[in-house]
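Here are my notes on the model, point by point. Please read them beside the coordinates.

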Amino acid sequence: MRSLRRFFTRLANFVTRRRDDERLKEEIEEHIALQTAENLRAGLSPAEARRQAMLKFGAVEAIKEDYRAERGMLFIETLLQDIRFGLRMLRKSPGFTAVAVLTLALGIGANTAIFSLVDGILLRPLPYPHSDRIVYFGWMDKQRLIPDLNVPELEFCRDRAASFAAIAGFQGYGDQELNQDASKSWVTTAFVTDGFFETLGVNLQLGRPFGREFTRAGGAFAAVLSDSLWRSVFGADPNIVGRQIVLNNQSYTVTGVLPPDFKYTQPADLFVSAHLGHSLGDEGLNTDVIGRLKPGVSLAQGRAEARLLGTEFFAQASPEQHQGAGFLHLDLLQEYLASDYRTTLLMLFSAVGLLLLIACANVASLLLARAVSRQKEISIRLALGAGRRRLLQQFLAEGLLLGIFGAASGLAAAVASLRVFVSAIPWDLPSIDRIGLDSRVLLFTSLVAIAASIVFGLASFLQTRKLDLNSTLKDGRAVAGASRGRVSVLNSLVVGEVAISLVLAFGAGLLIESLYQLHQVKLGFNPAHLVVMHTPFTPPLASSTANVWDFERQALARIRAIPGVQSAAIVSVAPLHGQGNLPVQRENHPEDSIGGTEYRSISSNYFSTMGVPVLRGRVFDQSDFASSAPAAVINETLARDWWAGENPIGNRIVLGEYQGRQYLQIPQPALQVIGVVADVKGMLLTAPTPAMVYVPASQGFSLNGSTDWVIRASAPAGIATALRKAITDVAPDQRVTDLQPMTALIGASVSQPNFEALLMGTFGGLALLLMLVGVYGVLSFQVAQRTHEIGVRIALGATRREIWRLVVGRASKVAVVGVLIGLFCAFGLTHLMASLLYEVRPTDPLIFASVAVAVLFVALLACYLPARRAMKVDPMVALRYE
Amino acid sequence: MKQKMDVLQGTLALMILKTLDVLGPLHGYGIARRIEQISRDVLSVNQGTLYPVLLKLEQEGAITSEWGASENNRRARFYRLTRDGRKQLQAETRDWEQTAAIIGRFFEVKAEDLS
């Protein structure tokens with residue numbers, strides 16, 4: 001109570017700036033007068049009486065100070081004083097301030113931006129209620145979670161699991177044609193099973209999720225609309241629930257409408273019921289299975305049950321039904337979704353952390369160097385009785401100012417660039433839209449700034465500890481030879497900066513080399529002057545192979561007639577543009593079967609258009625398209641896998657067959673292999689080429705309900721309109737999507753490595769730049785410190801060359817130590833990023849060597865100006881300065 | 001200097017409160033003189049150290065002050081105990097006596113008492 005009252009009085013005094021020093025003065029005067037009178041009565045002379053009274057009273061100034069401290073908030077008052085003083089100091093040396101603040105802004109800004117990503121993707125929960133209970137199923141094989149289950153596995157788990165409130169499947173996204181009031185529009189549809197929305201815990205704003213009756217093969221279909229589709233196409237009709245809508249000529253019952261901000265991994269216009277049966281897709285590992293643990297059930301319990309279910313399923317299922325390997329396992333959905341990005345994020349986060357370290361080392365070395373020029377000022381303060389604590393407080397205040405300015409500018413930069421930055425992230429995540437600067441990011445930034453400030457304040461303060469007042473004041477200038485302690489501190493800062501920048505530059509080097517290797521990947525075709533486009537078939541067209549081929553043939557004829565087009569062909573899926581696979585088996589050889597053989601239906605000149613070499617036999621000609629004799633061309637990989645060294649021509653393969661069992665509902669006749677072509681990349685640039693089977697489009701069937709077109713043209717830029725027109729002239733309703741140069745498709749497939757290499761390259765470059773500034777600062781300071789000594793040397797006959805060697809020699813020794821330490825650290829650290837690299841070993845000696853040379857070069861570059869300055873020292877001036 | 005003050009401040013405050021309790025309103029010099037007399041000049045602190053303590057007590061609300069006329073007819077600040085101050089004095093007196101009694105008993109203890 002009492003101390004509270006005292007606190008508020010003091011606070012009030014502080015705020016109202018009450019300064020009744022007069023009262024104390026008057027009291028003291030009266031006190032001394034009374035004591036003097038007393039002394040006079042005791043018989044002392046007037047002068048002695050007053051002297052004794054003063055003595056008895058004590059040090060007036062000290063008492064006044066205590067009095068003032070008691071009255072107001074001394075701590076805050078001196079803090080404000082320190083801040084004012086700090087501001088003045090920063091203003092007095094604008095160069096230092098600018099470099100320090102910019103350096104810090106860079107470090108803090110980069111940290112803020114990357115932390116926003118880490119926070120949004122790894123730390124913050126998914127945007128679903130109790131998202132810590134949402135799990136993802138997969139087969140755990142060799143320490144790796146293989147995603148996706150097949151439908152029998154899903155149904156088996158769903159019907160038996162006791163630990164889960166709901167289990168549901170998700171079968172991907174697709175484009176469908178929505179027929180509404182005689183107008184057609186294309187919508188993105190997600191295919192999900194019942195229980196999907198219950199698993200995610202989303203509450204529909206209208207109606208309810210569809211039940212299991214809508215997922216039975218042969219039964220009715222249901223749809224749940226997104227808020228945006230409901231508003232845009234259905235005018236936010238409140239009676240939408242129960243209405244029928246038509247998608248791809250199929251009728252769906254609307255059962256509900258989603259809340260506005262709902263998203264799974266990608267934006268979707270509506271979610272429709274997937275029919276679970278025994279189709280090709282259902283038998284393969286094509287279904288994402290998610291589940292919601294019941295309240296009170298731990299992840300470990302859920303995992304134990306999943307493992308048991310997996311074993312039970314394996315025991316009861318026929319061997320070919322069980323496609324998974326290892327044991328059935330769960331991960332938190334958030335962890336699963338982020339698993340592809342975890343390494344990247346942690347790498348980036350460490351990189352910016354290191355960058356901040358360099359920035360701090362930089363500022364610390366600047367401060368240290370500056371502390372020398374302030375030695376005299378500080379000595380005077382100490383001599384006048386400033387306490388060490390007070391000095392520390394002042395240095396901390398100055399550090400805090402730097403930290404605040406740095407953090408504010410860094411934050412401003414991060415805010416300004418975050419939108420651009422986030423839009424460059426090539427990842428599909430439910431949380432990506434929420435990445436932004438929130439209170440946690442701000443908290444993080446402030447913590448970083450405060451930590452940095454304390455480091456700076458302490459660094460400057462420690463300087464003053466060994467200060468010898470006598471010599472500093474007597475000399476009237478900074479001590480000539482820097483103390484051994486300071487030299488070693490400065491040198492270790494340089495060593496640290498060089499080492500860290502080497503680690504960063506090396507990481508960047510690896511990623512850039514990896515990106516280069518990716519661009520060197522043998523595509524198997526010539527991408528120059530190649531244009532790709534995609535046509536998802538409208539429902540009536542897709543119904544028969546003959547219709548599709550008719551349309552394709554006519555459209556191809558028109559495309560070939562476009563001026564500038566050299567050749568054009570169709571392929572069901574263009575390289576790097578997706579996949580379309582089915583089981584294929586060598587006839588009568590159950591041991592030679594591949595569950596996911598890539599299947600391409602093509603027009604006759606596909607290989608010539610793409611520039612794919614024919615290795616054996618022949619490719620399709622017009623006669624293959626006219627006749628119905630089943631024929632296939634296979635790629636090199638398949639030929640090697642099944643006929644290692646022998647000639648596959650004339651052998652037969654069966655589509656849809658896997659280990660002796662036929663999976664297609666309408667079995668296809670066996671195909672005769674007529675030729676072998678060179679490997680062309682499948683969906684992924686980084687994956688080995690999959691086994692691939694080509695069939696003539698006149699015989700082929702559409703796996704994806706769409707086809708791709710490849711057009712080689714002399715001037716690809718100008719033909720987009722003509723291409724679209726060629727398609728719509730033949731089929732007015734036909735949509736053309738993804739029209740782009742092949743090079744763009746290749747670019748998109750390396751967007752992730754590109755993103756990583758770009759960021760790490762930037763950070764590595766910044767690290768080198770900061771290191772350059774830091775080393776330059778330290779060396780300039782050291783040269784300035786030794787001006788006198790260098791002057792003496794020159795006066796005594798040292799040549800410029802020797803001076804050069806003196807300065808650069810010592811600096812390069814320090815730099816070499818830094819490089820060695822950096823190499824050592826890099827060697828230990830980079831294996832952590834092995835999974836991000838393609839065809840580059842994390843310890844690639846060539847990159848090691850070149851980065852080391854580059855770092856050394858930058859460090860020596862930083863020496864250049866200070867060394868030149870040392871050489872130009874005029875001995876007369878240097879000595880007279882004494 | 002400062003650390004020594006902290007130790008002294010508690011007892012000094014108690015002495016001020018007790019002096020004002022016994023003698024009524026006094027100015028700073030008067031308080032200093034009384035403390036010196038009562039402690040029989042054994043305790044010799046600089047008289048000036050009194051003033052920060054007076055201010056502290058005033059800000060806590062234990063005493064109040066107002067201008068009055070001193071013996072030689074000049075303006076002086078007179079300090080007076082408040083009701084809060086009296087309560088505080090009573091509480092602290094009790095505490096002090098208690099502490100003194102405990103310490104006293106410690107000094108009287110002989111080895112055989114503890115066997």
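How close do the axes of helix α27 (residues 800-829) and helix α28 (residues 845-871) of chain A come, and at what angle do they cross?

1. The axes of α27(A) and α28(A) come within 9 Å and cross at roughly 150°. Axes here are lines fitted to C-alpha atoms, for helices over the stretch in contact, with angles from 0 to 180 degrees between N-to-C directions. The two helices are therefore roughly antiparallel to each other (the term covers angles over 145 degrees). The crossing of α27(A) and α28(A) is right-handed, that is, the near helix is turned clockwise from the far one by less than a right angle.

2. Residues on the α27(A) side of this contact include A:W804, A:V808, A:A811 and A:A815. From α28(A), A:F848, A:L856, A:A859 and A:C863 are among the partners. Contact means C-beta atoms, placed from the backbone, within 7 Å. By class, the contact has 19 nonpolar, two polar and one charged residues. Ala, Val, Leu, Ile, Met, Phe, Trp, Tyr, Cys and Pro count as nonpolar, Asp, Glu, Lys and Arg as charged, and the others, Gly among them, as polar.

3. This is a predicted model: local features need pLDDT of at least 70 and side-chain atom pairs 80 or more, while totals for chains, interfaces and linings use all residues. Residues are numbered from 1 along each chain as its sequence is written, and chains are lettered from A in the order in which they are written.

4. Chain A has 29 helices and 24 strands. These are DSSP runs, H or I of at least four residues for helices and E of at least two for strands, numbered from the N terminus. Along the principal axes, the C-alpha atoms fill a box of roughly 135 × 75 × 55 Å.

5. In chain A, 42% of the 882 residues are buried. Buried means 20 or more other C-beta atoms within 10 Å of the residue's own, with C-beta atoms placed from the backbone. In chain B, buried residues make up 30% of 115.

6. Chain B has four helices and three strands. From the N terminus, its elements run α-β-α-α-β-β-α.

7. The contact between the chains takes 24 residues from chain A and 19 residues from chain B. On chain A, α2(A) gives the largest share, ten residues. The chain A side divides into eight nonpolar, four polar and twelve charged residues.

How values were computed
Contact = placed C-beta atoms within 7 Å. Buried ≥ 20, exposed ≤ 12 C-beta atoms within 10 Å, placed from the backbone. Parallel < 35°, antiparallel > 145°, perpendicular 65-115°, else oblique.
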